Amino acid sequence: MNKKTEELEEIIGYHFKNKHYLTQALTHSSYANEKKLGKLGCNERLEFLGDAVLELISSDFLYARFSKVPEGELTKKRASLVCEPSLAYCAREFGLPQFLLLGKGEDMTGGRNRDSIVSDATEALLGAIYLDGGFASAKEFVLKFILNDIEHKQLFYDSKTILQEIVQEKGTQPVEYVLIAEEGPDHNKSFTVEARVNGRLMGTGTGHTKKAAEQAAAYQAIREIKK
């Protein structure tokens, strides 16, 4: 595991003084149960801490970045940027899932691709960085890997809502999402969905869940409309 954790440290640009924090951040409850590490052996406490740290850092960032935006809009922006699918997407961008410690059963049934597990581990990793290196190190990690390229990310995560609003403005029928393909074993499925407006194909998307595929299709549809 040492070489693996060193590789992750290189990727995130942060080297832990206390390596235990990093190992625990990567330890899912299924692995802790399998190895009889006890309830405190998994990453859930670090996730609890990381969630609070992320809320503060993202709130501070958005408050400064959008000085003319009211509270309600700031809350919506924060929710879309730090929601479960968003954090999972960010984590996959720097390869976090490959470093997670999962129980054999969880791993075999696709846990490494599950948004909830990957998202929780991202918050746990942030909590670990905060404990080990303080607020400044935690903030650097968030700005580098979570709050980077936020315009693109917000468009992607709010894509279904944004597409529906565009369609309503044009007075056309609601967006229809049609599942056209479902491939792979149960633990690693891939779904392909088409987004159609008035029967016309506007975008196609693929994802590990139907919701993710719909999101990707809506994003492509928005890009097509804005051409």
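Analyst: The account below starts with the basis of the values, then turns to the core and to one helix pair. The model is predicted, so local features need pLDDT of at least 70 and side-chain atom pairs count only at pLDDT 80 or more, while totals for chains, interfaces and linings use all residues. Residues are numbered from 1 along each chain as its sequence is written, and side-chain values use heavy atoms, with hydrogens and water left out.

The largest nonpolar core has 41 residues, a core being a set of buried Ala, Val, Leu, Ile, Met, Phe, Trp, Tyr and Cys residues joined through side-chain atoms within 4.5 Å, where buried means under 20% relative accessible area (1.4 Å probe, protein chains only). Ile 12, Phe 94, Leu 96, Leu 125 and Phe 141 have the most contacts inside this core. At least two of its residues come from each of H1 (2-12), H2 (19-25), H4 (44-65), H5, H6 (84-93), H8 (115-133) and H9 (135-145), helices being DSSP runs of H or I with at least four residues, numbered from the N terminus. H8 gives the largest share, eight residues.

Leaving aside residues up to four places away in sequence, Leu 96 touches Leu 8, Leu 26, Ala 91, Val 118, Ala 121, Thr 122 and Leu 125, contact meaning heavy atoms within 4.5 Å.

H5 (residues 71-81) also packs against H10 (residues 150-157) at an angle of about 85°, with the axes 9 Å apart, the axes being lines fitted to C-alpha atoms over the stretch in contact and the angles running from 0 to 180 degrees between N-to-C directions. H5 is therefore roughly perpendicular to H10, a term for angles of 65 to 115 degrees. Lys 77, Ser 80 and Leu 81 of H5 meet Ile 150, Lys 153, Gln 154 and Tyr 157 of H10.

Definitions and conventions
Parallel < 35°, antiparallel > 145°, perpendicular 65-115°, else oblique. Buried < 20%, exposed > 50% of the residue type's maximum accessible area, 1.4 Å probe, protein only.
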